[in-house]
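Here are my notes on the model you sent. They are numbered so that you can go through them one at a time with the structure open.

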Amino acid sequence: MFKYLKKIFYLYILRRKYYRVGSCNACGRCCQKIYVKHKEVIKTEEEFLELKKMHEFYNYLKIVDKDETGLVFECENLDKETKKCKIHKKRPGICRRYPQEELFAMGGTLAENCGYKLVPIRSFEEVFDKVKKQKK
């Protein structure tokens with residue numbers, strides 16, 4: 001019963017398609033080569049400066065590159081030697097919720113050895129059956 005209620009909650013209230021499973025293995029890759037999306041991927045320093053005024057989390061980020069997608073950031077709280085967060089106990093909500101399925105919507109992927117996985121809430125068979133019923 002609990003699994004069913006959890007599924008309903010995720011699908012219809014949170015409007016999610018995936019469960020996050022696993023745990024962080026402290027590789028630090030999610031803190032590097034970050035794109036920031038606010039309506040669109042941030043492409044200019046001016047856009048980033050405006051975003052920093054809206055939320056203090058963005059003050060932790062520094063621009064390290066720019067490519068065809070937009071600005072590329074790195075979190076300044078990542079300890080380069082240990083690959084651990086310097087403010088782990090006080091880390092922002094966006095970090096606590098990583099990874100979110102929006103990552104895939106932007107074309108991103110999880111690092112190869114990431115301890116997290118995103119698992120579909122509905123199985124392929126459930127989705128297939130629903131589509132099949134709609135076509136009848």
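1. Is glutamate 46 buried or exposed? Its relative accessibility is 57%, so glutamate 46 counts as exposed, the cut-off being over 50%. Keep in mind throughout that this is a predicted model.

2. Glutamate 46 lies in helix 2. Together with Glu40, Glu45 and Glu47, Glu46 makes up a patch of negative charge on the surface. Helix 2 covers residues 45–54 and gives the most to this patch, with 3 residues. To place glutamate 46 against another part of the chain, take aspartate 79: the two are 33 residues apart along the chain, and their C-alpha atoms are separated by 27 Å.

3. The surface also has a nonpolar patch, formed by Phe9, Tyr12, Ile13 and Leu14. Together these residues have about 400 Å² of accessible area. One of them, phenylalanine 9, is found in helix 1, which runs over residues 2–13. Phenylalanine 9 has a relative accessibility of 37% and therefore counts as partly exposed.

4. How many salt bridges does a search of the whole structure find? The search finds 3. One of them is between the side chains of lysine 53 and glutamate 50, with an N to O distance of 3.1 Å. Both residues lie in helix 2, 3 residues apart, which is about one turn of the helix. Lysine 53 is exposed, at 64% relative accessible area, whereas glutamate 50 is partly exposed, at 44%.

5. Another salt bridge joins the side chains of glutamate 74 and lysine 62, at 3.9 Å from N to O. This pair links distant parts of the chain: glutamate 74 is in strand 5 (residues 71–75) and lysine 62 is in strand 4 (residues 61–66), 12 residues apart. Glutamate 74 has 12% relative accessibility, so glutamate 74 counts as buried.

6. Lysine 80 counts as partly exposed, at 48% relative accessibility. Through shared partners, the salt bridges join Lys62, Glu74 and Lys80 into one network.

7. Now the cysteines. A disulfide is a covalent bond between the sulfur atoms of two cysteines. The structure holds 0 disulfides. Cysteine 30 is in none, and the nearest cysteine sulfur, that of cysteine 31, is 4.0 Å away. Cysteine 30 is partly exposed, with a relative accessible area of 34%.

8. Cysteine 114 is likewise in no disulfide. For cysteine 114, the nearest cysteine sulfur belongs to cysteine 27 and is 5.9 Å away. Cysteine 114 counts as buried, because its relative accessibility is 11% and the limit for buried is under 20%.

9. Some backbone angles deserve a look. Most residues other than glycine have a negative phi, and most peptide bonds are trans. Alanine 26 has a positive phi, near 60°. Alanine 26 lies in the loop between strand 1 (18–22) and strand 2 (37–38), and it counts as partly exposed at 28% relative accessibility.

10. Lysine 39 has a positive phi as well, near 70°. Its place is the loop between strand 2 and strand 3 (40–41). Lysine 39 is exposed, with a relative accessible area of 76%.

11. Which two residues does a cis peptide bond join? They are tyrosine 98 and proline 99, and omega is about -10°. Proline 99 is found in the loop between helix 3 and helix 4 (102–105).

12. A last point concerns glycine 93, which is in helix 3 (residues 93–96). Glycine 93 is partly exposed, with a relative accessible area of 29%. Glycine 93 and phenylalanine 57 are 36 residues apart along the chain, and their C-alpha atoms are separated by 9.0 Å.

Notes. Residues are numbered from 1 along each chain as its sequence is written. This is a predicted model: local features need pLDDT of at least 70, side-chain atom pairs count only at pLDDT 80 or more; totals for chains, interfaces and linings use all residues. Side-chain values use heavy atoms; hydrogens and water are left out. Patches are made of residues with over 30% relative accessible area and no salt bridge: like charges are joined within 9 Å, nonpolar side chains (Val, Leu, Ile, Met, Phe, Trp, Tyr) within 5 Å. Accessible areas come from the Shrake-Rupley method with a 1.4 Å probe; for residues, only the protein chains shown count as cover. A salt bridge is a side-chain nitrogen of Lys or Arg within 4 Å of a carboxyl oxygen of Asp or Glu. Lys and Arg count as positive and Asp and Glu as negative; His and the chain ends are not counted. The place of a charge is taken as NZ of Lys, CZ of Arg, CG of Asp or CD of Glu. Helices (H or I, at least four residues) and strands (E, at least two) are DSSP runs, numbered from the N terminus. A disulfide is a pair of cysteine sulfur atoms within 2.5 Å. Buried means under 20% relative accessible area, exposed over 50%, partly exposed in between (1.4 Å probe, protein chains only).
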